[in-house]
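Morning, everyone. Please have the model open.

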Amino acid sequence: MPLDQSFVGRVYPPHPAYQVGREKIREFADAIGASDPIHHDVEAAKALGYPDVVAPATFLTIIATAANRQIVVDPGLGVDYSRVVHGDQRFTYVRPVVAGDELVVHASIEDILSRGGHDFLTSRFDIVTTAGEPVGSVWTKLVIRGESHEEGAV
């Protein structure tokens with residue numbers, strides 16, 4: 001079943017605030033191999049003018065992924081998660097994320113395309129502090145494979 005094109009432009013309620021923790025930043029940095037001391041050492045970050053450890057550039061994916069759930073489980077949209085493949089992701093930043101930030105995500109559906117029997121869902125996540133200061137945006141493209149492309153199909 002193709003995705004409902006009328007969902008383009010739909011805005012979802014803000015996702016609950018996410019408290020950025022120092023240990024979470026360190027764990028994420030370790031997981032992706034980001035060894036810069038500003039991700040691990042408070043004093044190294046402060047020496048460069050940051051108030052605490054700085055999250056790696058792709059850290060916002062953690063917050064956006066949580067907010068993306070409300071889109072993919074929206075029953076009217078028609079996403080069959082068993083057919084989802086991650087297609088693309090990009091980021092823009094207004095400022096770095098640091099430990100102690102409390103961030104809120106505003107999710108929306110930016111585009112839905114159908115090509116070659118597959119649907120392409122592009123979602124946008126605008127991330128702000130609880131005070132409303134912009135931090136950055138994340139775009140995620142999911143590919144929902146069509147039924148004619150099932151494994152083993154001829």
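This is a predicted model: local features need pLDDT of at least 70, side-chain atom pairs count only at pLDDT 80 or more; totals for chains, interfaces and linings use all residues.

Residues are numbered from 1 along each chain as its sequence is written, and side-chain values use heavy atoms, with hydrogens and water left out.

Helices here are DSSP runs of H or I with at least four residues, strands are runs of E with at least two, and both are numbered from the N terminus. Helix α3 covers residues 60-72. From first C-alpha to last it reaches 18 Å, close to the 18 Å expected, that is, 1.5 Å times one less than its number of residues.

Which residues of α3 are buried? They are L60, T61, I63, A64, A67, N68, I71 and V72, with buried meaning under 20% relative accessible area for a 1.4 Å probe, protein chains only. These pack against β1, α1, β2, β3, β4 and β5; contact means heavy atoms within 4.5 Å.

Now to β4, the strand that holds S123. S123 counts as buried because its relative accessibility is 1%. Not counting residues up to four places away in sequence, S123 touches N68, I71, S108, I109, E110, V138, W139 and T140. With that same exclusion, the contacts of L121 include I71, L77, I109 and T140.

Conventions:
Buried means under 20% relative accessible area, exposed over 50%, partly exposed in between (1.4 Å probe, protein chains only).
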